[in-house]
Amino acid sequence: LFRSAAVSLAVRVVMVRHGASVDAIYMETTCRMDALALGSAGACLVRIPSMGEYVKARLPAIGVATCCMFLAGIPLTGVYNYSTASCETYGYSILAWSCGVFVTGVAMTDGARPSWISAALRWRVLRSCGKYSYAMYVFHEMLHKLFVQPWLTSHFGAQPTLHVVFEASVAILLASYGLAVVSFYGLERRFLDLKRLVRPYGQDAEPAHSRS
């Protein structure tokens with residue numbers, strides 16, 4: 001997982017040096033594998049007790065070091081401005097690490113030391129958005145590029161006012177959520193049901209003829 005994160009950083013460096021577009025570096029899966037890999041590593045720490053206990057004992061120090069790294073990255077990347085080379089390279093890695101530590105830390109300490117952060121993350125609205133988050137991620141950019149951006153440009157020009165942008169963002173959020181719900185129950189859940197065929201390492205999947 002950590003090698004995947006390192007490869008992702010190296011790919012971004014090469015793409016920046018060769019003049020790749022900001023959008024390509026921001027959206028290409030290979031360029032953002034560090035976030036996916038570190039998220040997967042966090043899930044492993046939560047689910048594997050031997051690894052989790054080792055990290056949990058060092059979590060305060062890891063958290064402090066991560067906060068310092070995140071704060072140091074603010075001036076170095078222009079407040080994590082994704083159009084700068086510094087953010088496109090190591091800035092994305094800092095954000096991936098910081099988010100991974102935050103989510104993993106909350107998940108690992110939730111049962112032992114509930115906090116206002118874990119309580120906030122249990123808010124029904126956020127949990128619902130988390131449930132449909134992948135489809136929301138897929139739909140929001142499509143809605144923006146195909147509908148909202150052309151409409152804003154035709155009605156308000158290249159520089160719409162802040163309140164118009166805010167209202168458009170809320171509209172995209174709500175529309176993305178609605179489409180995501182339809183997508184989840186119409187498509188995604190059918191694939192999620194296939195997880196019953198998967199068993200932990202060392203155990204055989206349930207034979208098809210044994211299922212009713």
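Throughout this tour, two residues are said to meet when they are in contact, which means that heavy atoms lie within 4.5 Å. The model is a predicted one.

**The whole chain**

Begin with the entire chain in a cartoon view. The chain holds 10 helices and zero strands. Read from the N terminus, the order of elements is α-α-α-α-α-α-α-α-α-α. Along the principal axes, the C-alpha atoms fill a box of roughly 60 × 45 × 40 Å.

**First stop: α4 and α5**

Select residues 49-57, which form helix α4, and then residues 59-76, which form α5. The axes of α4 and α5 come within 4 Å, and they cross at roughly 65°. Which residues of α4 meet α5? On the α4 side they are Val-55, Lys-56 and Ala-57, and their partners in α5 are Leu-59, Pro-60 and Ile-62. Sorted by class, this contact has five nonpolar residues, no polar residues and one charged residue.

**Second stop: α1 and α3**

Next, select residues 2-17 for helix α1 and residues 33-47 for α3. The two axes come within 7 Å and cross at roughly 165°. Because of this angle, α1 is roughly antiparallel to α3. The crossing of α1 and α3 is left-handed. Display the side chains of Phe-2, Ser-4, Ala-5, Ser-8 and Arg-12 in α1; these meet Met-33, Asp-34, Ala-37, Leu-38 and Ala-41 in α3. The contact of α1 with α3 comprises six nonpolar, two polar and two charged residues.

Now select residues 133-156 for α9 and residues 162-192 for helix α10. The axes of α9 and α10 come within 8 Å and cross at roughly 145°. Is this crossing left-handed or right-handed? The crossing of α9 and α10 is right-handed. Residues of α9 that take part in the contact include Phe-139, His-140, Leu-143 and Phe-156, while those of α10 include Ile-172, Leu-173, Tyr-177 and Glu-188. By class, the contact of α9 with α10 has 15 nonpolar, four polar and one charged residues.

The largest share, eight residues, comes from α9. In the lining as a whole there are eight nonpolar, four polar and five charged residues.

**Last stop: the second largest pocket**

Finally, turn to the second largest pocket, which holds about 380 Å³ of space. Select Gly-63, Val-101, Phe-102, Val-106 and Ile-117, the closest to its centre among the 16 residues that line it. The elements giving two or more residues to this lining are α5, α6 (85-109) and α7 (116-121). The lining of the second largest pocket divides into nine nonpolar, six polar and one charged residues.

Methods. Residues numbered from 1 in each chain as written. Predicted model: local features only at pLDDT ≥ 70, side-chain atom pairs only at ≥ 80, totals over all residues. Heavy atoms only, no water. Nonpolar A, V, L, I, M, F, W, Y, C, P; charged D, E, K, R; others polar. 1 Å grid on protein atoms, 1.4 Å probe; cavity = no way out; pocket = protein on both sides within 12 Å on 5 of 7 lines; lining within 4 Å. Points joined across faces, edges and corners; volume = space filled by probe spheres on them. Axes fitted to C-alpha atoms, helices over the stretch in contact; angles between N-to-C directions. Parallel < 35°, antiparallel > 145°, perpendicular 65-115°, else oblique. Left-handed = near helix turned anticlockwise from the far one by under 90°.
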